[in-house]
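Please examine the sequence and the structure shown below.

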Amino acid sequence: YNGLRLPLAFGLVVMAYLGLKGAILAISLAHLAACLAGSYFLYRKGWKWDGVDLSLPKAWFKGFSIPLLSIVRSWIASTDCPLLAAIAGSEIPVAYMSASYSLKSPVVYGQTTASGLYAKMLTGGEGRDVEEISRLYFAITTFMVVTVICLASPLMSLLKPEYADAYWIAIITVIYTAIHGLLATFGSAVAGKETVDLKPSVGIKDFIKSFLFKWSFLSMKVHLLGLALGSLLAVIFLMWKDPILVASAYPIGWLITWCISASKFYRMAKRVVSFNLPFRAVSYTHLRAHETSL
């Protein structure tokens, strides 16, 4: 999908001058190609169309509360930009904040280490699998975080020279992104170990009592708290009439809430699967990454 999306967007938007229509068409064509490729791989694995089994949608609908929480959580997480524009009455703080958010990508890549953890937990994974994934996560993420912190100012200036003054917002952003990525890794283990959705007869109350629901509900509350704290800070920072300071409101809010809630997520994950964070390996990785960056 990503391999097709960028060249299609370049060809349709830049070379064909289609503008917004070209951007939408590029994404649509890339999604269509990804769906066709996925269908082909399923066909090679022996997948055949045998009609619709209505018992499956009924069973899935009983667990609607969990994906519903994920949808609400995603909506809350993406509301900071329009809220900041509404509070500040200007798009300038939003531009600074969006520029800092663009440096999330190298840090987010560390979450790919947990792509197989969910499947591993479904087939009887143990705590040592979580520990190994944590080592891999820190091996990639720590290096990326240290690199972005050291190069925050020049990286921001690549987007626009004026953005270099907001380098410290990018530092805050990558730190809370790394914390969120680690907790998302634990979430994959919790989702894989939870067996409530595998039971033949299960009701909505069973889903609500499950750790899968509790994890999603806690994540939604953290996002809501971070959004509220960021909004409060934005209102307070307006008194200084500094757009860069106002732009830092939501990143600071996210950082505070994720730091406070990290221990809660960690304890909940340990109740599902017994594991320990490899602090010695993490410390060594951090030192090596720091030396490499220097």
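By about how much of a helix are E132 and R135 separated in helix α9? Because E132 and R135 lie three residues apart in helix α9, they are separated by about one helical turn. The model is predicted, so local features need pLDDT of at least 70 and side-chain atom pairs count only at pLDDT 80 or more, whereas totals for chains, interfaces and linings use all residues. Residues are numbered from 1 along each chain as its sequence is written, and side-chain values use heavy atoms, with hydrogens and water left out.

**Salt bridges**

- The structure holds two salt bridges; a salt bridge is a side-chain nitrogen of Lys or Arg within 4 Å of a carboxyl oxygen of Asp or Glu.
- E132 forms a salt bridge with R135, and the closest N and O atoms are 3.2 Å apart.
- E132 is partly exposed, with a relative accessible area of 39%, and R135 is partly exposed at 32%; buried means under 20% relative accessible area, exposed over 50%, and partly exposed in between (1.4 Å probe, protein chains only).
- R128 forms a salt bridge with E126, the closest N and O atoms being 3.4 Å apart.
- R128 is exposed at 60% relative accessibility, whereas E126 is partly exposed at 41%.

- Helix α11 covers residues 167-193; helices (H or I, at least four residues) and strands (E, at least two) are DSSP runs, numbered from the N terminus.
- At 1.5 Å a residue, the 27 residues of helix α11 should span 39 Å, and its end C-alpha atoms are 40 Å apart, which agrees; the expected span is 1.5 Å times one less than the number of residues.
- Of the 27 residues of α11, 20 are buried, so this helix is largely enclosed by the rest of the structure.
- The largest nonpolar core has 62 residues, of which V130 and F186 touch the most other members; such a core is a set of buried Ala, Val, Leu, Ile, Met, Phe, Trp, Tyr and Cys residues joined through side-chain atoms within 4.5 Å.
- The elements that give two or more residues to this core include α4 (65-77), α9, α11 and α15 (249-272), and α11 gives the most, with twelve residues.
- Neighbours within four places in sequence aside, F186 is in contact (heavy atoms within 4.5 Å) with V130, S134, W215, Y266, A269, F275 and L277.

- T141 is placed in helix α9 (residues 127-150) and is buried, with a relative accessible area of 2%.
- Apart from neighbours within four places in sequence, T141 is in contact with V107, G110 and A178.

**Loop residues with positive phi**

- Most residues other than glycine have a negative phi.
- Y17, although not a glycine, has a positive phi of about 55 degrees; Y17 lies in the loop between α1 (2-15) and α2 and is exposed, with a relative accessible area of 71%.
- K241 is not a glycine either, and has a positive phi of about 55 degrees; K241 is in the loop between α13 (211-237) and α14 (243-247) and is exposed at 76%.
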